[in-house]
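Dear colleague,

I am passing on the structure we spoke about, and below it I have set out what was found. Please read the notes with the coordinates open beside you.

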Amino acid sequence: MTPTGPATGTLYARLRDWFRARPLAFDATIAAGTLVCMIAASFTDPHGSPEGPTFGDRTPDAGSVLIMVIGAAALVLRRRRPFAVLCFTVTICFVELVDDVRPAPIAMSAVVALYTVASRTDRPTTWRVGLATMALLTAAAMIFGPTNWYAQENLGVFAWTGMAAAAGDAVRSRRAFVDAIRERAERAERTREEEAGRRVAEERLRIARDLHDVVAHHIALVNVQAGVAAHVMDKRPDQAKEALAHVREASRSALDELRATVGLLRQSGDPEAPTEPAPGLAVLDGLLDSFRKAGLPVALARADGDGALPATVDLAAYRIVQEALTNVRKHAGPDAEAEVSVVRVGRTVEITVLDNGAPQPGVPALTSGGHGLLGMRERVSALGGTLTAAPRYGGGFRVQAILPVTTRTGEDA
């Protein structure tokens, strides 16, 4: 039965952790409990009266108490030497059944030892050892016991040894199952990280190829025509003008193709990029207004002071807010609301974007493997910061980036 209630659950967890850190103390506790059960059972007479068993009608002698103490003490080493402990307890149990006309219930120690062996070995070994233990102790009880061979005490020895082997095998199977699940989860996590890294590398290679295909030809043509114009500028100005016209046409074509390539790389639904060459937190209000006009309520809390951030940090902070709000608009549903906070803490700046939305039917759920989140992680990692993105308890999503004010290139605020 699992303990219930906060106080009981906390006490149970503390005891469990304490015993896990001290397995020898746990085994000593098991041995003490087994000894108490054996001594209590030794005072019980199954045939004390016609109505049933009686307690206190018989008293174990000093030899029986000594052998019960020895059998229980051996259980302290049950994890370190499981087979040796099992052989020892079965041996003293067999001797007690053969020599004593009123044998002590020393079989309890053999039952615990058999359970330990079954829980720490494979199934074939459990079957072999379990059947041998059951056969030996049951035969000794039936042949040398003080009662008839079909007495319930003899059948009890058979039942308890069989249940010990079955319980130990079940515990071993469950432990192996849990370990297999944990290993698969760790392997899946490693595979997911490797897949994310592979996708980032492939995306970088694809972008590099696209930009090379777009730019290389036109830049080479511009370089050649500019050289021609410089060479004939003084002697043949009409040819120089023609070369410059080719330069202008090639540069215009390069710009058009670059614009088309960047448009293909952008995700659908992204807000229009500002026309400023290097946006930053100074124009954050304008970015939030664009999302508000698109129907996404956004609240802003700022405590970043008056000091200017390095250009790379400022741009990264702006892009993180932009991408996080874009994900809110795409994934959180029409009724979602967002909160943005920018806080300066010492030599770092923290950007947090929260929303209260819920995944919408037919819309892919946002996960840590999305391209937008991968892009944010790349920006933050390049600056030496950290990024966390995960669902919030109770619904919604949370993105938090911590960026150093002093970048890796030595820029200071």
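**Overall make-up and confidence**

The protein chain has 11 helices and seven strands. Please keep in mind throughout that this is a predicted model, with a mean pLDDT of 78 for the protein chain and with 79% of its residues at 70 or more.

Of the 413 residues in the protein chain, 33% are buried. When contacts between residues at least 6 apart in sequence are considered, 66% of them join residues that are at least 24 apart.

**Helix packing**

Helix α2 (residues 23–42) packs with helix α3 (residues 62–74) at an angle of about 155°, their axes lying 8 Å apart. Since an angle over 145 degrees counts as roughly antiparallel, α2 is roughly antiparallel to α3, and α2 passes α3 in a right-handed crossing. On the α2 side the contact is made by Ala31, Leu35, Met38, Ile39 and Ser42, and on the α3 side by Met68, Val69 and Ala72. By class, the contact of α2 with α3 comprises seven nonpolar residues and one polar residue, with no charged residues.

Helix α4 (residues 82–99) packs with α5 at an angle of about 155°, with 8 Å between their axes, and α4 is therefore roughly antiparallel to α5. The crossing in which α4 passes α5 is left-handed. From α4, the contact draws on Pro82, Phe83, Val85, Leu86, Thr89, Val90 and Cys93, while α5 supplies Ala107, Ser109, Ala110, Ala113, Leu114, Thr116 and Val117. The residues of this contact of α4 with α5 divide into 11 nonpolar and three polar, and none is charged.

Helix α5 (residues 107–119) also packs with helix α6 (residues 123–144), at an angle of about 165° and with their axes 10 Å apart, so that α5 and α6 are roughly antiparallel to each other. Here α5 passes α6 in a left-handed crossing. The residues that make the contact are Ala110, Leu114, Val117 and Ala118 of α5, together with Thr126, Val129, Gly130, Thr133 and Leu137 of α6. By class, the contact of α5 with α6 has six nonpolar and three polar residues, and again no charged residues. On α5, Ala110, Leu114 and Val117 are named in the contact with α4 and also in the contact with α6.

**Individual residues**

With a relative accessible area of 0%, isoleucine 351 is buried. Leaving aside neighbours within four places in sequence, isoleucine 351 is in contact with Ala317, Ile320, Val321, Ser341, Val399, Gln400, Ala401 and Leu403.

Valine 405 is found in the segment after β7 (397–404). Valine 405 counts as buried because its relative accessibility is 4%. The C-alpha atom of valine 405 is separated by 5.0 Å from that of threonine 348, although the two residues are 57 residues apart along the chain.

Glutamine 239, by contrast, lies in helix α8 (residues 237–265), and with a relative accessibility of 26% glutamine 239 counts as partly exposed. Not counting residues up to four places away in sequence, glutamine 239 touches Val228 and Val232. Alanine 229 is 10 residues from glutamine 239 in sequence, and their C-alpha atoms are 7.2 Å apart.

Methods: Residues numbered from 1 in each chain as written. Predicted model: local features only at pLDDT ≥ 70, side-chain atom pairs only at ≥ 80, totals over all residues. Heavy atoms only, no water. Axes fitted to C-alpha atoms, helices over the stretch in contact; angles between N-to-C directions. Helix = DSSP H or I, 4+ residues; strand = E, 2+ residues; numbered from the N terminus. Parallel < 35°, antiparallel > 145°, perpendicular 65-115°, else oblique. Left-handed = near helix turned anticlockwise from the far one by under 90°. Contact = heavy atoms within 4.5 Å. Nonpolar A, V, L, I, M, F, W, Y, C, P; charged D, E, K, R; others polar. Buried < 20%, exposed > 50% of the residue type's maximum accessible area, 1.4 Å probe, protein only. pLDDT = per-residue confidence, 0-100.
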